[in-house]
Amino acid sequence: MKILAISGSARRQSTNTALLVALKAIAPPGMEIEVYAGVGELPVFSPDLEGTDEPCSVTRFKAAIARSDGVLVCSPEYVRGIPGGLKNAIDWLVSGDQIIGRPIALVHASHRGEDMLQALRAVLSTVSAAFSTTLFLRVPVLGLEPEEIFEVLQSEVHRAEADAFLAGFAVYCRSIA
């Protein structure tokens, strides 16, 4: 099973990206997680650039989604909303079929951010009929370094939650296929 884990952050030292990398490291046998941290490399969406004029970075992003069995999204909150880079990435998917019906679940790296999560849930449930409203993993690691994030994820309680989340997402993906 191939899972694409999208980081909604454009930061090089992103907590969200580090959490997804840590999840990749503990993925169960049979689950391969590819971390996509390129939302900052996508040009601003324009319908004029779709089709034959589509930028290579967009084509690669769409291809990564198309070859996945499911998508995880982990994003920071900026000014109580979805970061522009992540929203832009989602905008690039609206007129294609890569995300329609693709199982999607959220991962969150903070103890706060409910406004962004609510907005992101609304957007993702609009672009995919298979967005899960029940699968959700929160690991509060805001402000930690990548090595510390991996250690937190390895702690007894968080590891059990992460394992259960990944197993549940695998079951969900299979049920949609």
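**The largest cavity**

Modeller: The largest cavity has a volume of about 80 Å³. The model is predicted: local features need pLDDT of at least 70 and side-chain atom pairs count only at pLDDT 80 or more, while totals for chains, interfaces and linings use all residues. Residues are numbered from 1 along each chain as its sequence is written, and side-chain values use heavy atoms, with hydrogens and water left out.

Rolling a probe the size of a water molecule over the atoms shows where empty space is left. Here a cavity is a set of points, on a 1 Å grid over the protein atoms alone, where a 1.4 Å probe fits but cannot get out; lining residues have an atom within 4 Å of a point. Grid points are joined across faces, edges and corners, and the volume is the space filled by probe spheres set on them. The whole structure holds 1 cavity of 30 Å³ or more. Its lining has 13 residues, and Ile6, Ile90, Leu93, Ile99 and Leu124 are the closest to the centre.

By class, that lining has 13 nonpolar residues, with no polar and no charged ones. Nonpolar covers Ala, Val, Leu, Ile, Met, Phe, Trp, Tyr, Cys and Pro; charged covers Asp, Glu, Lys and Arg; the others, Gly among them, are polar. At least two lining residues come from each of α2, β3, α3 and α4, and α3 gives the most, with 3 residues. These labels are DSSP runs numbered from the N terminus: helices (H or I, at least four residues) and strands (E, at least two).

The largest pocket can be set beside this. A pocket is an open set of points with protein on both sides within 12 Å along at least five of seven lines. The volume of the largest pocket is about 230 Å³. Its lining is made of 16 residues, with Asn16, Pro76, Glu77, Ser110 and Leu142 nearest the centre. That lining divides into 4 nonpolar, 9 polar and 3 charged residues.

The structure has 6 of them. Asp115 pairs with Arg80, their closest N and O atoms 2.4 Å apart. Asp115 is in helix α4 (residues 114-127) and Arg80 in the loop between β3 and α3 (84-91), so the pair ties together parts 35 residues apart in sequence. Arg80 is exposed at 60% relative accessibility, whereas Asp115 is partly exposed at 30%. The cut-offs are under 20% for buried, over 50% for exposed and in between for partly exposed (1.4 Å probe, protein chains only).

Glu34 and Arg67 form another salt bridge, at 3.4 Å from N to O. Glu34 belongs to strand β2 (residues 32-36) and Arg67 to the loop between α2 (56-66) and β3 (70-74), so this pair links parts 33 residues apart in sequence. Glu34 is partly exposed, with a relative accessible area of 30%, and Arg67 is partly exposed at 45%.

Terms used:
A salt bridge is a side-chain nitrogen of Lys or Arg within 4 Å of a carboxyl oxygen of Asp or Glu.
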